[in-house]
Amino acid sequence: MSVAPGTTITLGNRFLRDLPEMAVPWRAQVAAEPRLLVFNEPLAVELGLDAQWLRSSDGLRFLVGNLVPDGATPVAQAYAGHQFGGYVPRLGDGRALLLGEIADADGRLRDIHLKGSGRTPFARGGDGLAAVGPMLREYVISEAMHALGISTTRSLAVLATGTAVTRETLLPGALLVRVASSHLRVGSFQYASATGDIGLLRRLADHAIARHHPEAAHAEQPYLALFEGVVAAQASLVARWMLVGFIHGVMNTDNMTISGETIDYGPCAFMEAYDPDTVFSSIDAWGRYAYGNQPTIAAWNLARFAETLLPLIADDINDAIPLIEEAFDGFHQYHSAWLAGLRAKLGLPAGAEPTEPLIDELLPMLQESHADFTSFFRNLSAAAAGDAEPARGMFVDPAQFDAWASRWRQQGPDVDMMQRVNPIYIPRNHLVEEALTAATAGDLEPLNRLLDAISSPYTERPGLERYAAPAPTDFGVYRTFCGT
């Protein structure tokens with residue numbers, strides 16, 4: 001498909017070619033009046049796409065899946081998953097489509113994927129559509145995560161579709177164009193495993209190795225090495241979540257990627273007052289996916305992944321189990337990554353005195369004082385520079401902080417290090433809601449201001465003070481929703 005003189009868009013269909021049993025060719029619902037709400041031009045350039053053409057009428061039709069490049073075959077992907085601990089054997093892309101794979105400017109394969117593009121055979125009674133608010137939430141949070149340096153799927157665009165969506169009320173419809181290194185999930189392996197087709201499971205594993213963990217192909221046990229690679233990627237990812245107070249909200253196995261990218265920004269949010277029991281998701285009544293539970297749930301999900309790989313690792317599952325258990329010890333990297341990250345947040349080099357006692361004392365103090373997690377660590381960098389009052393004033397017992405800070409200062413915290421790793425701007429919940437409410441009503445200015453603030457989260461800028469401040473006291477209890 002020509003997008004400009006001498007330029008074409010070529011979308012590969014490797015997933016369909018390699019795994020036809022897990023791909024249903026499908027077409028997006030026709031968008032009545034596609035219109036860009038937000039467009040990630042730097043990402044378009046990174047993907048080698050013509051940004052000017054994407055803004056044209058044909059470009060908009062491409063972005064909503066209504067103009068398909070020659071040779072491309074959009075598909076709805078099949079996967080299974082444990083949702084809040086309960087196994088569902090057939091989930092899949094109920095309102096999403098993989099348009100295809102594109103090679104970016106560095107030659108890396110990236111998926112171009114739609115969310116909210118209409119019902120598919122996996123819709124399970126849903127309408128397959130999406131509203132403006134949830135799609136813009138994914139754009140905001142995923143781009144914030146990218147700016148924070150955390151592995152994530154990206155957002156290329158959100159488009160209004162011109163079709164109303166029925167939820168509690170009628171809402172303007174929208175569609176997200178998502179970019180990922182792939183959409184392979186733990187749930188993908190659960191689906192292949194459940195078919196009982198070892199050949200399909202092996203092809204899926206080989207596809208994942210080629211796409212994400214090519215070094216595993218040369219290992220003595222390639223499928224065991226694949227598991228080790230996924231464990232390492234997820235241990236690092238969840239540690240990074242915890243270090244910035246991110247709460248995914250719906251850590252089902254179908255939302256854990258093989259690549260180690262964060263995916264599916266539904267009922268997600270950033271914790272403000274430090275509390276390991278923090279839950280924002282309206283559907284997480286028991287706190288399964290609370291902030292403090294995320295490492296344990298990640299390990300649980302990886303155990304489900306391990307179960308699917310057993311028949312590939314050894315003909316006798318009893319021989320495979322000890323090998324996978326030993327490989328699973330790699331998730332201990334989570335604690336090492338988290339500890340190293342907290343040490344950096346405190347400005348202490350890797351060779352400093354043991355920091356565990358400092359951390360073990362600090363976190364309960366933060367919880368007792370309902371201290372804002374992000375603001376505290378940013379204020380602590382000011383304390384390292386000599387101004388302790390902003391941090392000290394966050395505690396119900398300042399003397400307790402003084403005693404802790406005295407021991408901390410003795411280790412010589414590095415101010416520059418602290419400012420490099422402790423963000424000042426995150427997508428604070430009240431600001432996200434303000435932006436989404438305004439955008440749903442047609443006003444995109446608050447959204448654009450928020451996107452500008454979070455694009456450089458570690459650099460303080462004048463005029464952005466409200467983007468660094470916690471929610472006002474009258475903001476109330478915050479609840480997020482999945483958008484379906």
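How many nonpolar, polar and charged residues are in the lining of the largest cavity? Eight are nonpolar, seven are polar and none is charged. The legends below go through this predicted model view by view.

**View 1. Strand β11 sits between two partners, β9 and β10.** Here we zoom in on β11, residues 170–180. Eight of its 11 residues are buried, so the rest of the structure largely encloses this strand. On the β9 side (residues 109–115), the pairing is antiparallel and runs over five bridges. Look for Leu 114, which stands opposite Val 177 of β11.

**View 2. β10 and β11 make a hairpin.** Three residues lie between the two strands. β10 covers residues 154–166, and its antiparallel pairing with β11 takes in nine bridges.

**View 3. The largest cavity holds about 100 Å³ of space.** Its lining has 15 residues, and Gln 29, Gly 116, Leu 129, Thr 161 and Thr 163 are the closest to the centre. In the whole structure, the search turns up four cavities of 30 Å³ or more.

**View 4. The second largest cavity has about 60 Å³ of space.** Thirteen residues line this one, with Gln 234, Trp 241, Met 251, Asn 255 and Met 256 nearest its centre. Helices α8 (222–244) and α9 (294–313) each supply at least two lining residues, and α8 gives the most, with four. By class, the lining splits into seven nonpolar, five polar and one charged.

Key
Residues numbered from 1 in each chain as written. Predicted model: local features only at pLDDT ≥ 70, side-chain atom pairs only at ≥ 80, totals over all residues. Heavy atoms only, no water. Buried < 20%, exposed > 50% of the residue type's maximum accessible area, 1.4 Å probe, protein only. Pairing = 2+ DSSP bridges. 1 Å grid on protein atoms, 1.4 Å probe; cavity = no way out; pocket = protein on both sides within 12 Å on 5 of 7 lines; lining within 4 Å. Points joined across faces, edges and corners; volume = space filled by probe spheres on them. Nonpolar A, V, L, I, M, F, W, Y, C, P; charged D, E, K, R; others polar.
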